[in-house]
Number of protein chains: 2
Amino acid sequence: MAIKTLQDLFIHELSDIYSAEKQMSKALPRLARAAENPDLEAAFAAHLEETQGQIERIDKVVDLLDIKLKRIKCAAMEGLVEEGKEVIEAVAKGPVRDAALIGGAQKVEHYEIASYGTLCELGKQLGYSDAVKLLKETLAEEKATDEKLTMLAESGANAKAAEA
Amino acid sequence: MAIKTLQDLFIHELSDIYSAEKQMSKALPRLARAAENPDLEAAFAAHLEETQGQIERIDKVVDLLDIKLKRIKCAAMEGLVEEGKEVIEAVAKGPVRDAALIGGAQKVEHYEIASYGTLCELGKQLGYSDAVKLLKETLAEEKATDEKLTMLAESGANAKAAEA
């Protein structure tokens, strides 16, 4: 049994999202290139920069708590990244692909929202108030990105796709 | 290019979540057995019943729109189910495992929230108002389940785990 305490679980969850963020930072340039809508392309580029900041924030949490992350690969994000690749292969560049990319990106955001939500709750129980403050900043960013993607879906991309 | 129109994308997304729900309905009895907290066990049992209703709702959407689902396996849910199995292996039965199960279940709920959110938006653009009504019912259920899990995390399970 590798996970015995709530702190072990916190470290496990933090290691998982660290892997997820790293995978996402590799996938985002591909997603940006695959988009046709310039607003969507810009959103992916902006989120890449944000993701790099979120990785640095995890590094800060690690330093703050003097813990060591485990080397694990987040299997769920592997699946999400794989689905993103499949979409790019299955749909030609244009408004339908843009709608698919937005849907895929929202699944990623929701994975991260759930993950940071759990980390904030575990951190609160463990009394890690400074770490929770940092994790809440990331959680707010992920929620804002999800809302931005919803607006993009509602406004431009999908309407254009329905006409196509 | 297998997906050309917004309707193709809608069918693809619906096929994906159909696979996800089927995988989840297989995983939920295992999650219920793995839980120690009786409230959490009951929540998983209730969600299994709900999931079966959600699968039937997808069948209704398929009938309504006279479409045919594709046989695909949702890779992201495969990853999420795999992570659930790993947690059960890595953590002994008790409050820490319960906290881990809640976190994992919330990732699943958020995957489904993102997926049904996209389906509702695509359906709206395509003028599928009756189908969207059904999909919105499921979306509301997934959000309610997520909130129930948050309450369980805040109230009992994690606090007990911090004491352990």
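Copies are superposed by least squares on the C-alpha atoms of residues with pLDDT of at least 70 in both. On that basis, chain A can be laid on chain B with an RMSD of 0.0 Å, by a turn of 180° and a shift of 0.0 Å along the axis. That is the relation of a two-fold axis. Of the interface residues of chain A, 100% are also interface residues in chain B, so the copies meet through the same surface.

The model is predicted: local features need pLDDT of at least 70, side-chain atom pairs count only at pLDDT 80 or more, and totals for chains, interfaces and linings use all residues. Residues are numbered from 1 along each chain as its sequence is written, chains are lettered from A and ligands numbered from 1 in the order in which they are written, and side-chain values use heavy atoms, with hydrogens and water left out.

Helices are DSSP runs (H or I, at least four residues), numbered from the N terminus. Axes are lines fitted to C-alpha atoms over the stretch in contact, and angles run from 0 to 180 degrees between N-to-C directions. In chain A, the axes of helix H1 (residues 6-34) and helix H2 (residues 38-65) come within 9 Å and cross at roughly 155°. That makes H1(A) roughly antiparallel to H2(A) (angles over 145 degrees). The crossing is left-handed (the near helix is turned anticlockwise from the far one by less than a right angle). Contact means heavy atoms within 4.5 Å. Contact residues of H1(A) include Phe10(A), Leu14(A) and Ile17(A), and those of H2(A) include Phe44(A), His47(A) and Leu48(A). By class, this contact has 15 nonpolar, 4 polar and 4 charged residues. Ala, Val, Leu, Ile, Met, Phe, Trp, Tyr, Cys and Pro count as nonpolar, Asp, Glu, Lys and Arg as charged, and the others, Gly among them, as polar.

H2(A) also meets H4(A). Their axes come within 12 Å and cross at roughly 20°. That makes the two helices roughly parallel (angles under 35 degrees). This crossing, too, is left-handed. Phe44(A) and His47(A) are among the H2(A) residues in contact, and Leu101(A) and Tyr116(A) among those of H4(A). The contact has 7 nonpolar, 2 polar and 3 charged residues.

Over all chains, the structure holds 2 aromatic pairs (ring centres within 6.5 Å). Phe10(A) and Tyr128(A) form an edge-to-face pair, 5.1 Å centre to centre with 75° between the planes (edge-to-face: planes over 60 degrees apart). Phe10(A) lies in H1(A) and Tyr128(A) in the loop between helix H4 (95-126) and helix H5 (129-163) of chain A, so the pair ties together parts that are 118 residues apart in sequence.

Note on methods:
Angles under 35 degrees count as roughly parallel, over 145 as roughly antiparallel, 65 to 115 as roughly perpendicular and the rest as oblique. Rings of Phe, Tyr and Trp (its six-membered ring) pair if their centres lie within 6.5 Å; planes under 30 degrees apart count as stacked, over 60 as edge-to-face and the rest as tilted.
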